[in-house]
Amino acid sequence: KPIEKLSREAAQHEIAKLQDDLRQYGIAYYEQDAPIVEDYIYDALYARLVALETVFPQFINPDSPTQNVGGAMTKSGLEKVVHPAPMLSLGDVFSLEELDEWDSRTTKSLGFQSDYNLELKIDGLAVALTYVSGKLVQASTRGNGTIGEDVTANVKMIKAIPQVLNEPITIEVRGEIYMPKSSFSTLNKQRELDGLAPFANPRNAAAGSLRQLNAKIMKQRNLSAFVYYTAEPDILGSTTQSDALKRFSSLGLPTDTHNRVMTKMADINNYIAEYTVTRDNLAYGIDGVVVKVNQLDDQLDLGNTVKIPRWAIAYKFPPEEALTVVRAIEWTV
Ligand SMILES: NC(=O)c1cc2c(=O)c3cc(F)ccc3oc2nc1N
């Protein structure tokens, strides 16, 4: 119900209920690592409580969940981290036609047909890893792009992420942390045994694991990662995206090996068709294919909008459940 239509009593009642519920969800989340509700539900209820308390400040009490967000603490109890260069998200397209339009726009902007580095789009959560003199000093989530959460302690539990690089360089790299499919099913079986709600998908399981505060539990979740980007490629001496991936690998950073350099849309369509089918056999979840202008200085020429790079696009696979529905309909007719 819109807040301005609420009577004082109704507002007081809803605020009290939200304060109780969110306090209980918060305890389950931080202390028992057993979230009762999905993050997005918690966030929506939390936003509703903040809005109500703003309009009815007389009902704010000191132990309201909105009052204990300590200075640097975020909801998940992790410290905040400011990203020096904003972590942008990828723009999406949902059909080969739209991908073709993106290619035409990009070709027009550049004045020539660029070659593209194609990469599987790992379905995990984005992190930034900062190495100083080759040592991992900080790991943070994307957050809102400018302010993320410090997940350094948990990321140090991820075997795939080296704590020391093969070269003593200082660089920030970005990648995707994910939970392999096998770990996901094992974890959910255990959660059912423990009477806990299973995670909806590997991505939520990875995010939930990474943002909980107990490093021992984190170790058992055996997450993995792929690195795919740095804003400082000259440190690597790379001039293309495909070469940057090779350099990440030579440093000891995990990279996905399915990337290919292509120019012709026909080849790109074949790559997409191939992985639309074979993704079920991969050890990790992917939700699409990322197409990137391969020459790094062409990427700079194209630049970014406020939210997304102009030099990269994510082609998203049709969601699997949709396919299930289609199959179900086919079955009935
Ligand atoms: N999930 C992924 O596998 C994946 C994700 C991104 C990004 O989110 C991404 C975001 C940017 F602003 C720029 C490049 C990027 O490249 C990326 N490359 C990938 N392979």
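Two strands pair if DSSP finds at least two bridges between them. Strands (E, at least two residues) and helices (H or I, at least four) are DSSP runs, numbered from the N terminus. This is a predicted model, in which local features need pLDDT of at least 70 and side-chain atom pairs count only at pLDDT 80 or more, while totals for chains, interfaces and linings use all residues. Residues are numbered from 1 along each chain as its sequence is written, and side-chain values use heavy atoms, with hydrogens and water left out.

**Sheet**
- In strand 5, Leu-136 is the bridge partner of Tyr-131.
- Strand 4 (residues 125-132) pairs with strand 5 in the antiparallel sense over 6 bridges.
- The open sheet of 4 strands has the order 5-4-7-8, with antiparallel pairing.
- Strand 5 (135-141) and strand 8 (224-230) stand at the edges with a single partner strand each, so one side of each is left without a neighbour in the sheet.

**Ligand**
- A polar side-chain atom of Glu-119 lies 3.1 Å from a ligand nitrogen atom, and one of Glu-176 lies 3.4 Å from a ligand nitrogen atom; a polar contact is a pair of N or O atoms within 3.5 Å.
- A backbone N or O atom of Leu-120 lies 3.3 Å from an oxygen atom of the ligand.
- Strand 3 (116-122) and strand 10 (286-293) are the elements that give two or more residues to the shell around the ligand.
- Strand 3 supplies the largest share of that shell, 4 residues.

Key: A polar contact is a pair of N or O atoms within 3.5 Å; within protein, one must be able to donate a hydrogen and the other to accept it, and residues adjacent in sequence count only if both atoms are side-chain atoms.
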